[in-house]
Structures are given as structure tokens and as C-alpha cells.
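Here is a short note to read beside the model. Please keep the viewer open and find each residue as you go.

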Amino acid sequence: MTSAVLGGALFWATAPVAGQEDAPTVPSGLTLHLQEIRLDDASEGGVVRFRYVADGLTDAAYDRVEGDFAALCEGQVLPWAAGQGDQPGQAIISLASAAVDFGVSAPDVTQYFEAFRLEEGRCIWEMF
């Protein structure tokens with residue numbers, strides 16, 4: 001796995017995460033590809049971002065993918081977090097119709113985000 005420190009953030013590139021080489025199964029049935037995992041603050045309580053590209057995602061698809069966020073948090077984020085020394089306090093999961101560099105505006109790309117507080121081995125949805 002490739003990692004680097006960028007602007008104080010620990011960043012993992014697109015290499016698969018151990019145990020996550022296969023596309024995760026989600027309620028919507030869309031095929032997802034892990035674009036990156038990004039740890040914005042490597043200290044206890046930091047923020048981890050799981051960024052996925054979803055084949056077939058459209059700007060009218062939120063109702064279809066809404067349940068995918070909790071499934072990804074429970075099935076992907078929690079197992080990843082359990083293997084970390086310092087536990088992140090929040091996970092932000094994003095689905096995009098195409099790969100986009102972090103922080104770059106891409107009006108032609110559909111993107112959805114949800115945030116979860118990670119507490120006692122659970123994902124607790126937080127309103128953005």
C-alpha cells in the first residue's frame with residue numbers, strides 16, 4: 001500500500017486495502033471501486049474518508065444509494081478502523097460517478113457524501 005504525508009494529512013493511494021480487494025457488495029447493487037482512503041488527522045479521533053467510484057451513479061440516484069453508506073461504514077470502514085492504532089472518530093464516505101482528485105470541483109461528476117461518528121464499534125449517522 002502506498003502512503004505519503006501531504007499537508008499534514010496521511011493519505012493512502014488507490015492500492016487495495018487488505019481484505020477489500022474485491023468490490024464491496026452494497027444494497028443498491030452498483031459496482032463500487034475504492035478510489036482512496038484518506039486519513040485527514042492521524043491522531044485519535046481524526047477523520048477518515050473512504051472515497052468510492054460507483055459505476056452507473058447518476059444525479060437522480062441518491063434514493064437508490066442511501067442504504068449503501070451504512071453498509072459501507074459497517075462492512076468496510078469498521079474493519080479498517082479496527083486495524084488502526086489510533087481510532088478515527090469520524091468517517092466520511094463518498095460515492096462519485098467518476099474519479100475526482102480530493103478537493104477538486106467537478107460539476108459534471110455526481111457526488112454524494114455521508115458522515116458517521118465511529119463509536120464503540122458502531123457507525124452512527126451524522127447529518128452533514
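The points below go from the whole chain down to single residues.

1. **What you are looking at.** This is a predicted model; local features need pLDDT of at least 70, side-chain atom pairs count only at pLDDT 80 or more, and totals for chains, interfaces and linings use all residues. Residues are numbered from 1 along each chain as its sequence is written, and side-chain values use heavy atoms, with hydrogens and water left out.

2. **Confidence.** The term pLDDT is the predictor's confidence in each residue, from 0 to 100. The protein chain has a mean pLDDT of 85, and 82% of its residues reach 70 or more. Residues 1-19 have a pLDDT below 50. Beyond near neighbours in sequence, this stretch still has 34 contacts in the model. A contact means heavy atoms within 4.5 Å. Read residues 1-19 with that pLDDT in mind.

3. **Overall layout.** Along the sequence the pattern is β-β-β-β-α-β-β-β. Helices (H or I, at least four residues) and strands (E, at least two) are DSSP runs, numbered from the N terminus. Among contacts in the protein chain with a separation of 6 or more, 58% are between residues 24 or more positions apart.

4. Buried residues make up 41% of the 128 residues in the protein chain. Here buried means under 20% relative accessible area, exposed means over 50%, and partly exposed is in between (1.4 Å probe, protein chains only). The protein chain exposes about 6,800 Å², and carbon and sulfur atoms supply 51% of it. Accessible areas come from the Shrake-Rupley method with a 1.4 Å probe; for residues, only the protein chains shown count as cover.

5. **The disulfide.** A disulfide is a covalent bond between the sulfur atoms of two cysteines. The rule used is a pair of cysteine sulfur atoms within 2.5 Å. By this rule there is one disulfide. Cys-73 and Cys-123 form it, with their sulfur atoms 2.0 Å apart. Cys-73 sits in helix α1 (residues 62-82) and Cys-123 in strand β7 (residues 122-126). The pair is 50 residues apart and links distant parts of the chain. The angle about the S-S bond is -90°, and the link of Cys-73 and Cys-123 is left-handed. Are the two cysteines buried or exposed? Cys-73 has 0% relative accessibility, so it counts as buried. Cys-123 has 16%, so it counts as buried too.

6. **Aromatic rings.** A pair of aromatic rings is described by the distance of the centres and the angle of the planes. Rings of Phe, Tyr and Trp (its six-membered ring) pair if their centres lie within 6.5 Å; planes under 30 degrees apart count as stacked, over 60 as edge-to-face and the rest as tilted. The whole structure has four such pairs. One of them joins Tyr-62 and Tyr-112. Their ring centres are 5.3 Å apart and their planes are at 65°, so the pair is edge-to-face. Tyr-62 is in helix α1 and Tyr-112 in strand β6 (residues 111-119), 50 residues apart. Tyr-62 is partly exposed at 23% relative accessible area, whereas Tyr-112 is buried at 12%. Phe-50, Tyr-52 and Trp-80 form one aromatic cluster.

7. **Strand pairing.** Two strands pair if DSSP finds at least two bridges between them. Strand β5 (residues 90-96) and β6 are antiparallel, with seven bridges. Ile-93 has Glu-114 in β6 as its bridge partner. β6 is also joined to β7 by five bridges, and these two run antiparallel. Across from Arg-117 is Ile-124 in β7. Phe-116 faces Trp-125 in β7.

8. **The turn at Glu-120.** β6 and β7 form a hairpin with two residues between them. Glu-120 lies in the loop between β6 and β7. What is the phi of Glu-120? It is positive, about 50°, although Glu-120 is not a glycine. Most residues other than glycine have a negative phi. Glu-120 has a relative accessible area of 73%, so it is exposed.

9. **One distance to check.** Gln-35 is in strand β3 (residues 32-39). Its relative accessibility is 13%, so Gln-35 counts as buried. Gln-35 and Ala-98 are 63 residues apart along the chain, and their C-alpha atoms are separated by 9.5 Å.
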